[in-house]
Amino acid sequence: MITLAFHPVDTWFFRESRPMDSIGGIALGNQFPPSPSTLMGALRTRLGDMIGLDWLQLKKSTTTAPEWWGDADRPGALRLTGPWLQVDDKNYFPAPAYLLRQVQGEAYVKLIPGAPIDCDLGRVRLPSLPSNIELGVKPLEGHWVEYKPLTHLLAGYDAPSKMKTLTLEDFFEDEYRLGIAINHESRSVLDGQLYQTRHLRPKQEVAVMVTLDGLSPELEQQFQQSLAVNPLVRLGGEGRMAEIKVRPTSQQFLLSSKQSKNARLLAVALTDIPVTDLSWPLPGFVRQSKEDGSVCWQGELGGEALTLVSMATPKVRRQGGWDLVRHQSRPVRSMIPAGSVFYFNQTTLNQQSLHVGNDTAWGYGHLALGWWNDTLKG
């Protein structure tokens, strides 16, 4: 296993899923952090260069890549974990969606599943404010929490009184760019095809962190030596530059949590979870009706049967991408965003973190496990 830090050299641009020709005069936004597949693609490209892959022959299918390298649809033996952010040697993860900040003051509040109510999903337990909390709170979507406070939250405790959350504005400044489409055959511009993009320019030392597993010891050593000679790679839209640095490997992304008294299982998504209509709200979970008429979802995590009673999620994210081999856009998929929180009815699970879904090798579906106190259950 090797831990890698992607540092911006110039601006970064990770294009949202909307096409260039469908947004009128609105600038194309930036989806940050980059998707796990974007980071895996950059690493696989760099590894391919290192072992001397002939990209033209690979595109024509007249040569094959090593089995461990995989192909455009599967990562072979490679396994990615992340991304998360690092600033001043401190690791930051997406703020859990159940965490709210009070408008008056700096105190934080955690949502918990309330009593079942009727809504468009049926009779379900929606995330609600504790009964002793007055209105006047706002969500922390797009915020980041340091590792230590996050483990405190996962243990079932209230947020530390002096906990500080960061936003992208703390890491980057927006920088708008104007461009025009090019006819590559005639090397001339295309009339009426102006576009505007919103880049991110770093304000301070910030890194996007991942861990890469699946390389043999010989290949891992060769990869580290290659990065020491030339740490630059192209990353994201417009092929912006990034510098990759090898960092000491740690297990901090395996968030551990101490169980508080009378607590039930909770999971926080550290990375996006690909979903479809058939796999919502979690891959492998199926909607069930209970005897009292309320709705829950039943499935398995880590080989153990669980009952999902509620969840708190930001807006579903749409994510596309680019297939370098086929030279075409990848299908746009729906993602339950990192930071989403899932409340279960069970009281034990002998793991600290796990992955769910079909794209775990790419880094998707990473869950950290913790605890919540069900006030309705005593």
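Let's start with a pair of strands: β22 and β27 (residues 341-344) run antiparallel to each other and are joined by 4 bridges. Within that pairing, Met-311 has Phe-342 in β27 as its bridge partner. Keep in mind as you look around that this is a predicted model.

Strand β21 (residues 295-301) pairs with β22 in the antiparallel sense, over 5 bridges.

One is β1, antiparallel to β15 over 5 bridges, with Phe-6 facing its bridge partner Val-208 in β15. The other is β2, which runs antiparallel to β15 and is joined to it by 7 bridges; in this pair, Trp-84 stands opposite Met-209 in β15. Strand β15 is largely enclosed by the rest of the structure too, because 7 of its 8 residues are buried.

Here are the antiparallel pairs side by side:

| Strand pair | Bridges |
|---|---|
| β21 and β22 | 5 bridges |
| β22 and β27 | 4 bridges |
| β1 and β15 | 5 bridges |
| β2 and β15 | 7 bridges |

Next, the helices. Helix α1 (residues 36-50) packs against helix α5 (residues 217-229) at an angle of about 95°, and their axes are 11 Å apart. That angle makes α1 roughly perpendicular to α5. On the α1 side, the contact is made by Leu-43, Arg-46, Leu-47 and Met-50, which meet Leu-219, Gln-222, Phe-223, Ser-226 and Leu-227 in α5. Sorted by type, the residues of this contact are 6 nonpolar, 2 polar and 1 charged.

What about the inside? Nonpolar side chains tend to be buried together in soluble globular proteins. In this model, the largest nonpolar core has 41 residues, and the members touching the most others are Phe-6, Trp-12, Leu-43, Leu-47, Leu-212 and Phe-223. Elements giving two or more residues to this core are β1 (2-8), α1, β2 (79-87), β15 (206-213), α5, β16 (232-235) and β17 (240-247). Helix α1 supplies the largest share, 6 residues. Apart from this core lies another one, of 29 residues, including Leu-140, Ala-159, Met-163 and Tyr-343.

Key:
Residues numbered from 1 in each chain as written. Predicted model: local features only at pLDDT ≥ 70, side-chain atom pairs only at ≥ 80, totals over all residues. Heavy atoms only, no water. Axes fitted to C-alpha atoms, helices over the stretch in contact; angles between N-to-C directions. Parallel < 35°, antiparallel > 145°, perpendicular 65-115°, else oblique. Contact = heavy atoms within 4.5 Å. Nonpolar A, V, L, I, M, F, W, Y, C, P; charged D, E, K, R; others polar. Core = buried A, V, L, I, M, F, W, Y, C linked by side-chain atoms within 4.5 Å. Buried < 20%, exposed > 50% of the residue type's maximum accessible area, 1.4 Å probe, protein only. Pairing = 2+ DSSP bridges.
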